[in-house]
Amino acid sequence: MIRLPSHVTPLLQELGAWARGRRTRMRVQGPSMRPTLAHGDHVLVDPDRPPAVGALVAARPAPLDGVAVVKRVSSLAEDGSAMLSSDNPDEGTDSRRWGAVPADRLDGVVTVHLDRWRLLLPADEPPGAGSGRHLLR
């Protein structure tokens, strides 16, 4: 029997969820999330996972007319809306400009950075199931 390192099993579970259509692969555009994510990187998004402070999420802020972005959740309100921030704030726009993003405009939590084959989930969140959306900026 092959014993995999403990960090590999959740990654394989996420890739399996993608293969079953429960995750969406998205391509990052722009430098706003460097150094975490670079322009052209690919991530998997779980639309069923609730966002947590510190997690990366795909969202569609109203001012962007349906364009999806990837940002970090900096705070959550009781109504489910989120304040989102760029990891590289000098190179991107975020809730400093748009304000809080309503819960119905949060497309899902980014679970895997495919270009580096690593999980992007907080350590206390196990992988889950879901499906997803389109383009990240």
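The model is predicted, so local features need pLDDT of at least 70 and side-chain atom pairs count only at pLDDT 80 or more, while totals for chains, interfaces and linings use all residues. Residues are numbered from 1 along each chain as its sequence is written, and side-chain values use heavy atoms, with hydrogens and water left out.

Asp46 belongs to strand 2, residues 42-46. Helices (H or I, at least four residues) and strands (E, at least two) are DSSP runs, numbered from the N terminus. Asp46 has a relative accessibility of 1% and therefore counts as buried; buried means under 20% relative accessible area, exposed over 50%, and partly exposed in between, with a 1.4 Å probe and protein chains only. The side chain of Asp46 reaches the backbone nitrogen of Asp48 at 2.9 Å.

Asp46 also forms a salt bridge with the side chain of Arg23, at 3.3 Å from N to O. The pair links distant parts of the chain, 23 residues apart: Asp46 is in strand 2, and Arg23 is in the loop between helix 1 and strand 1 (24-27). Both Asp46 and Arg23 are buried. A salt bridge is defined here as a side-chain nitrogen of Lys or Arg within 4 Å of a carboxyl oxygen of Asp or Glu. By this rule there are seven salt bridges.

Another of these pairs is Arg72 with Asp87, whose closest N and O atoms are 2.8 Å apart. Arg72 is partly exposed, with a relative accessible area of 24%, and Asp87 is partly exposed at 24% relative accessibility.

In the salt bridge between Arg96 and Asp94, the N to O distance is 2.7 Å. Arg96 counts as exposed at 58% relative accessibility, whereas Asp94 counts as buried at 2%. Elsewhere, salt bridges that share partners join Glu14, Arg23, Asp46 and Arg49 into one network.

The surface also has a nonpolar patch of about 310 Å², made by Ile2, Leu4 and Leu12. Patches are made of residues with over 30% relative accessible area and no salt bridge; like charges are joined within 9 Å, and nonpolar side chains (Val, Leu, Ile, Met, Phe, Trp, Tyr) within 5 Å. Accessible areas come from the Shrake-Rupley method with a 1.4 Å probe, and for residues only the protein chains shown count as cover. Ile2 lies in the segment before helix 1 (8-19) and is exposed, with a relative accessible area of 73%.

Technical notes
Polar contact = N/O pair within 3.5 Å; in protein donor to acceptor, adjacent residues only side chain to side chain.
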